[in-house]
Amino acid sequence: MKLHLIRHAKTEKIAPSGKDFDRELKDSGRTDTEQLAKYLKSLGFQPDRTLCSTAKRTLQTCEILNATFQFQALSFHDDLYLAEASVIKSLLETCKAEENLTVIGHNDGISDLASYLTGQFISLPTTGYVCIEFFIDEWNELSKDAGMIIDFYRPL
């Protein structure tokens with residue numbers, strides 16, 4: 001079983017609305033996401049299920065990736081917005097056992113989850129990607145240090 005964690009791309013500092021939730025991708029963030037899509041395509045990436053935060057920046061990151069991958073099972077979750085690692089983990093634990101999962105989310109929670117699951121310090125930059133492999137039968141068996149990093153990407 002594999003977990004693919006993606007941090008949203010680079011964003012504007014302040015949204016016109018003044019709300020963090022509404023911040024949009026910068027042009028450089030769009031370019032970085034297109035590069036990530038090319039990289040993932042070269043790996044044969046095709047997740048069984050993708051979970052995405054409902055914040056504007058994660059939705060835009062997802063939209064760019066989805067143009068390449070046409071995600072088969074895509075769901076949007078308000079509770080992934082700025083979620084702590086424990087919240088993301090709880091959401092993953094409700095998923096089916098046969099799925100390779102992708103989460104498009106935010107720091108610090110997404111990096112904290114990767115660090116917790118692998119026992120290594122991981123700090124995902126914007127548009128950062130890490131793939132963690134587990135030798136478990138069910139997602140509800142996720143635990144500290146249970147995963148192994150098998151791929152890591154950061155934009156140049």
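Is Q70 buried, partly exposed or exposed in this predicted model? With a relative accessible area of 45%, Q70 is partly exposed, and the legends below take up this residue together with several other places in the predicted structure.

View 1. At 44% relative accessibility, L82 counts as partly exposed.

**View 2. The peptide bond from N107 to D108 is cis**. Its omega is near 10 degrees, and D108 has its place in the loop between β4 and α4 (109-118).

**View 3. R57 and D20 are joined by a salt bridge, one of four that a search of the whole structure finds**. The closest N and O atoms of R57 and D20 are 2.9 Å apart, and the pair links distant parts of the chain, since R57 belongs to helix α2 while D20 belongs to the loop between β1 and α1, 37 residues apart. R57 counts as buried at 2% relative accessibility, whereas D20 is partly exposed, with a relative accessible area of 29%.

**View 4. Two further salt bridges are formed by K89 with E93 and by K144 with D145**. The side chains of K89 and E93 meet at 2.5 Å, taken from N to O; K89 counts as buried at 17% relative accessibility, and E93 counts as partly exposed at 25%. For K144 and D145 the N to O distance is 4.0 Å, and D145, at 45% relative accessibility, counts as partly exposed. Elsewhere, salt bridges that share partners join D20, R23 and R57 into one network.

**View 5. E99 is a buried residue without a salt bridge**. The nearest side chain of opposite charge is that of R49, which is 4.2 Å away, and E99 itself lies in the loop between α3 (85-92) and β4 (101-105). Leaving aside residues up to four places away in sequence, E99 touches M1, D48, R49 and W139.

View 6. C52 is in no disulfide, and the nearest cysteine sulfur, that of C62, is 4.3 Å away, while a disulfide would need the two sulfur atoms to be within 2.5 Å. The sulfur of C131 is too far from any other for a bond, because the closest cysteine sulfur, in C95, is 15 Å away. C52 is buried, with a relative accessible area of 0%, and C131 is also buried, with a relative accessible area of 3%.

**View 7. F135, M148 and I150 form a nonpolar patch on the surface**. Together these residues have about 330 Å² of accessible area. F135, which lies in the loop between β5 (129-134) and β6 (147-153), counts as exposed at 67% relative accessibility.

**View 8. K26 is found in the loop between β1 (2-7) and α1 (27-43)**. With a relative accessible area of 38%, K26 is partly exposed, and it touches K10, T11 and E12, not counting residues up to four places away in sequence. The C-alpha atoms of K26 and L82 are separated by 19 Å, the two residues being 56 residues apart along the chain.

Technical notes
Residues numbered from 1 in each chain as written. Predicted model: local features only at pLDDT ≥ 70, side-chain atom pairs only at ≥ 80, totals over all residues. Heavy atoms only, no water. Buried < 20%, exposed > 50% of the residue type's maximum accessible area, 1.4 Å probe, protein only. Patch = residues over 30% accessible without salt bridge, like charges linked within 9 Å, V, L, I, M, F, W, Y side chains within 5 Å. Areas by Shrake-Rupley, 256 points an atom, 1.4 Å probe, with all protein chains shown as cover. Helix = DSSP H or I, 4+ residues; strand = E, 2+ residues; numbered from the N terminus. Lys, Arg positive; Asp, Glu negative; His and termini not counted. Contact = heavy atoms within 4.5 Å.
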